[in-house]
Amino acid sequence: MEDIIERLIQEIKTLTSLTRADGGLSDVLEVRSVYFGDPGIIPQSLMPCAMVEPISESPDGETTSYDKRTLQVAISLMLDAREYFEVDSGEAMGDRKLVQSAELISRYFRSQDKRKLDGLVNDIEVTDTTYDIQDRGNAIVKTARVNLQIMKAFTR
């Protein structure tokens with residue numbers, strides 16, 4: 001799973017460096033850091049950030065020559081809601097940016113050329129996206145979590 005997580009991190013870094021017109025999200029949300037997993041404590045100076053988190057790995061069939069596995073991976077976007085607070089605004093600006101960014105990530109991994117990560121996996125399915133608020137120290141952190149189901153065959 002480690003090599004798949006590393007590849008997903010590369011894809012997220014690419015996605016966060018491109019503008020929306022080029023299929024990215026850099027002009028929607030300026031992601032300052034991308035983590036392998038959830039480090040727990042994230043300095044405010046490194047938010048908004050992205051995390052690529054391994055969730056689970058389960059068997060999906062096997063033969064004498066290979067194993068088929070289903071991997072669950074979450075790509076989370078996190079921001080400090082205080083940075084997006086505007087007194088005269090009628091909405092939570094950070095929430096809008098999270099929704100837009102999560103939609104762009106989902107679209108990116110549903111595209112035909114990204115579903116197999118250049119042959120690294122058999123298929124990627126974007127399952128669901130969830131939104132949450134977390135208390136992380138002094139920050140009020142809002143998250144968007146895009147969940148991926150990845151099918152992969154491993155030779156024995």
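**Sheet architecture, nonpolar cores and backbone features**

In this predicted model, five strands form an open sheet in the order β1-β2-β3-β5-β4, and their pairing is mixed. The edges of the sheet are taken by β1 (33–36) and β4 (123–136), each of which has a single partner strand, so that one side of each is left without a neighbour in the sheet. Neighbouring strands are turned against each other by 25° on average, when direction is ignored.

Two antiparallel pairings involve β5 (residues 139–155). Its pairing with β3 (residues 66–80) extends over 15 bridges, and within this pairing Q72 stands opposite Q149, while S76 stands opposite R145. The antiparallel pairing of β4 with β5 comprises 12 bridges, with I133 placed opposite K142 of β5. The hairpin formed by β4 and β5 has 2 residues between the strands, and G137 in this hairpin adopts a positive phi near 65°.

Helix α1 (residues 2–17) lies across β1, β2 (49–62), β3 and β5, and runs at about 170° to β1. In general, nonpolar side chains of soluble globular proteins tend to be buried together. In the present model, the largest nonpolar core contains 33 residues, of which L8, I12, I105, F109, L148 and I150 touch the most other members. Two or more residues are given to this core by each of α1, β2, β3, α2 (93–110), β4 and β5. Not counting residues up to four places away in sequence, L148 touches L8, L71, Q72, V73, I75, F109, I124, E125, V126 and T127. Another core, which lies apart from the largest one, has 8 residues, including Y35, M47, M78 and A139.

Several backbone features are found in the loops. M47, one of the residues of the 8-residue core, is joined to P48 by a cis peptide bond with an omega of about 0°, and P48 lies in the loop between β1 and β2. In the loop between α2 and β4, L117 has a positive phi of about 45° although it is not a glycine. D118, also placed in the loop between α2 and β4, likewise is not a glycine and has a positive phi of about 55°. As to accessibility, L117 has a relative accessible area of 0% and is therefore buried, the cut-off being under 20%, whereas D118, with a relative accessible area of 63%, lies over the 50% cut-off and is therefore exposed.

Methods:
Residues are numbered from 1 along each chain as its sequence is written. This is a predicted model: local features need pLDDT of at least 70, side-chain atom pairs count only at pLDDT 80 or more; totals for chains, interfaces and linings use all residues. Side-chain values use heavy atoms; hydrogens and water are left out. Two strands pair if DSSP finds at least two bridges between them. Helices (H or I, at least four residues) and strands (E, at least two) are DSSP runs, numbered from the N terminus. Axes are lines fitted to C-alpha atoms, for helices over the stretch in contact, and angles run from 0 to 180 degrees between N-to-C directions. Contact means heavy atoms within 4.5 Å. A nonpolar core is a set of buried Ala, Val, Leu, Ile, Met, Phe, Trp, Tyr and Cys residues joined through side-chain atoms within 4.5 Å. Buried means under 20% relative accessible area, exposed over 50%, partly exposed in between (1.4 Å probe, protein chains only).
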